[in-house]
Amino acid sequence: FPYTTLFRSTTCPVCGHYDRKNRRSRDDFACRRCGYAAPADFVGATNIRFRADVTQPMVSHEDAGNGAPRAETPPSAEASLAL
């Protein structure tokens with residue numbers, strides 16, 4: 001079973017329950033097991049975020065002093081998702 005867009009937005013990010021019926025409509029998600037409800041796009045993005053294997057760069061600011069541009073560590077995923 002390929003990991004499709006439908007799978008990402010029909011799996012509950014709270015309890016992990018997968019059911020195509022969790023996606024009540026194009027825009028709405030409601031878990032049939034635990035009752036969690038949210039916009040389907042938000043659920044899909046949350047599931048992608050949980051499954052992403054992201055490594056943040058480990059750069060010391062002192063090491064960037066030899067004329068090289070100073071690398072900044074990007075903000076964490078949680079900070080960038082806060083609206």
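The largest nonpolar core in this predicted model has six residues: Cys12, Phe29, Cys31, Ala38, Ala40 and Val43. A nonpolar core here is a set of buried Ala, Val, Leu, Ile, Met, Phe, Trp, Tyr and Cys residues joined through side-chain atoms within 4.5 Å. Buried means under 20% relative accessible area, exposed means over 50%, and partly exposed is in between (1.4 Å probe, protein chains only). In soluble globular proteins, nonpolar side chains tend to be buried together. Residues are numbered from 1 along each chain as its sequence is written. Since the model is predicted, local features need pLDDT of at least 70 and side-chain atom pairs count only at pLDDT 80 or more, while totals for chains, interfaces and linings use all residues; side-chain values use heavy atoms, with hydrogens and water left out.

Now for the cysteines. Cys12 is buried at 2% relative accessible area, and Cys31 is buried too, at 6%. A disulfide is a pair of cysteine sulfur atoms within 2.5 Å, and that rule gives a count of zero disulfides. For Cys12, the closest cysteine sulfur belongs to Cys34, 3.6 Å away, so that is too far for a bond. For Cys31, the closest one is in Cys15, also too far at 3.6 Å.

Ala38, another core member, is in contact (heavy atoms within 4.5 Å) with Asp28, Phe29 and Val43, leaving aside neighbours within four places in sequence. With those neighbours left aside again, Pro13 is in contact with Phe29, Tyr36, Val43, Thr46, Asn47 and Phe50. Pro13 counts as buried, at 19% relative accessibility.
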